[in-house]
Amino acid sequence: FSARELGFGSAAEEWGVASLTMLIGRGHSAQPVPPTVHWTFRSARFSSGLATCRPFSIPPGRRPGSRVQSANACTSPSLESQSRGSWWDDENYWLPAQSRGSRRSRLFLAPMEGLGDKNFRRALSIAFPDSFDEASTEFLRLTLPADVCPYSPKAARCYRGMLESFGYDPLELRTHDQDSAAAGKCPNCADCGPPIALQLMIAADQSEVGKGFVQWLFSQAPASCRPHRIDINMGCPSKRTTSRGQQLAGGRTSRGGAGSSLLIDPSLVSNVTAAVRAGLPSTACCLSVKMRVGYDDEALFTENMLAAAEHADYLQIHARTKVDGYHAPARWDRLALAKQVLRPLGCRVVGNGDVDSAQRYETLVKETGVDGVMIGRAAVSNPFIFYEIRSGTGDPSTAAGVGRSATMRRFFEAYYSFLTESQKSQAGTRRYERTVSSKLKQMIAMGFLSNDHVCAPQLVSAMGRVLRTDSVTSETLIKDILDG
């Protein structure tokens with residue numbers, strides 16, 4: 001078999017294939033044992049002995065690089081009998097309250113670097129249960145030195161260190177025991193709580209690292225660390241992320257750009273997405289791409305969209321360009337175009353941008369036909385927005401008459417508890433006090449305690465005075481918030 005015939009594509013040929021062996025497992029069971037593919041790369045690049053690649057095993061399932069889906073991937077009792085190949089293709093995933101007469105589509109809490117961290121997500125899920133349906137982590141940046149083969153034992157050690165330091169937990173927001181929410185199962189059951197996807201940041205010249213990491217994740221990492229969904233970040237507009245991907249003279253693009261800089265060239269979008277898809281074992285894990293409508297403009301929007309949709313199961317589209325940042329009006333007409341183009345391909349679309357009320361949510365869904373809606377900054381300034389959307393769409397799971405003051409108190413109690421726990425190694429130091437106080441002040445400045453449409457005006461005024469005080473300690477600060 002050639003590398004292409006087995007789905008590895010040109011990337012494998014670039015590394016140089018020394019041996020490619022199909023091994024058929026044999027056992028004593030009456031049931032046939034599915035084949036497992038092993039391969040070894042050895043390139044002239046590593047002939048000096050700097051690295052020798054050893055194989056990672058691909059569990060049976062999806063053929064690497066293909067969108068063909070297995071019919072036996074779902075382990076949820078409610079979905080396993082469905083004829084569709086994957087749990088994310090099922091209508092109950094996208095219309096989670098459909099059986100209860102709601103017209104609500106799936107609600108996603110957008111990842112927000114710096115603010116929407118694990119402490120925020122956990123506190124939000126405690127104070128606002130049954131609000132959003134799904135979330136994503138902050139991005140995990142994948143990168144290896146040039147002399148390390150992405151499939152080598154040394155790379156595996158690097159991957160383990162990355163994941164451990166990042167602290168990913170697929171059960172972070174779930175409400176019942178881990179045995180009944182084993183990794184790899186369909187997350188769409190009533191008792192699971194919101195599942196959380198693992199978001200990856202992969203530079204243009206690190207696509208093989210993305211593939212190697214995902215292969216390692218599903219072959220060697222503990223099952224408790226395996227996500228239900230991998231989300232590739234192609235939307236981050238920060239200069240730190242995109243500066244290395246700036247366009248050079250002659251139309252060339254500098255290597256190493258990540259985030260929204262991948263949108264400069266659709267081939268970069270395709271390469272990164274195809275590499276991650278090739279590393280996924282089967283339809284047990286969904287692949288999504290979070291992207292914007294373009295970099296400088298939207299001229300390549302359709303090309304980028306098709307490049308991602310060729311390998312991804314659905315796209316989360318922020319209806320702004322990189323240059324727009326977060327302030328220009330969202331281009332909802334691009335979301336409608338995305339639905340029109342991607343519907344025949346079976347690729348779903350999640351819309352994002354300028355959804356700050358239940359009315360705006362309904363308008364977006366009606367005008368564009370998106371399958372889901374992702375909300376970010378509006379969830380910080382008004383986390384009740386999820387309840388308002390649920391109530392407005394007839395979802396009876398909405399907490400009726402929720403007390404806003406009690407809910408905000410519960411949120412800050414939980415947030416402060418998680419925040420101090422995460423910083424306990426620095427307890428008693430100036431760094432601890434500075435970190436905890438600045439995080440609390442950031443939550444006040446950007447959150448609902450500065451929104452008089454959500455909080456009582458006197459509380460907003462009191463929090464404004466707190467922000468102008470430098471001498472306040474974190475304990476005094478949280479006491480003022482809770483007493484308010």
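Modeller: Buried means under 20% relative accessible area. This is a predicted model.

Biologist: Is Arg348 buried or exposed?

Modeller: The cut-off for buried is under 20%. Arg348 has a relative accessible area of 14%. Therefore Arg348 counts as buried.

Biologist: Where does Asp371 lie?

Modeller: The side chains of Asp371 and Arg348 meet in a salt bridge, at 3.1 Å from N to O. Asp371 is buried, at 11% relative accessibility. The pair ties together parts 23 residues apart in sequence, because Arg348 is in strand S9 and Asp371 is in the loop between helix H10 (358-368) and strand S10 (372-375).

Biologist: What is the relative accessibility of Glu134?

Modeller: Glu134, in strand S4 (residues 134-142), pairs with Arg106 in strand S3 (residues 106-109). Their closest N and O atoms are 3.0 Å apart. Arg106 is buried at 2%. Glu134 also counts as buried, with a value of 0%.

Biologist: How many salt bridges does the structure hold?

Modeller: One network links Glu298, Asp324, Arg331, Asp333 and Arg334. Arg106 with Glu134 is another case. The structure's count is 17.

Biologist: Are helices H7 and H8 roughly parallel or roughly antiparallel?

Modeller: H7 (residues 266-279) and H8 (residues 301-309) pack with axes 8 Å apart, at an angle of about 15°. Angles under 35 degrees count as roughly parallel. So H7 and H8 are roughly parallel.

How values were computed: Residues numbered from 1 in each chain as written. Predicted model: local features only at pLDDT ≥ 70, side-chain atom pairs only at ≥ 80, totals over all residues. Heavy atoms only, no water. Axes fitted to C-alpha atoms, helices over the stretch in contact; angles between N-to-C directions. Helix = DSSP H or I, 4+ residues; strand = E, 2+ residues; numbered from the N terminus. Parallel < 35°, antiparallel > 145°, perpendicular 65-115°, else oblique. Salt bridge = Lys/Arg side-chain N within 4 Å of Asp/Glu carboxyl O. Buried < 20%, exposed > 50% of the residue type's maximum accessible area, 1.4 Å probe, protein only.
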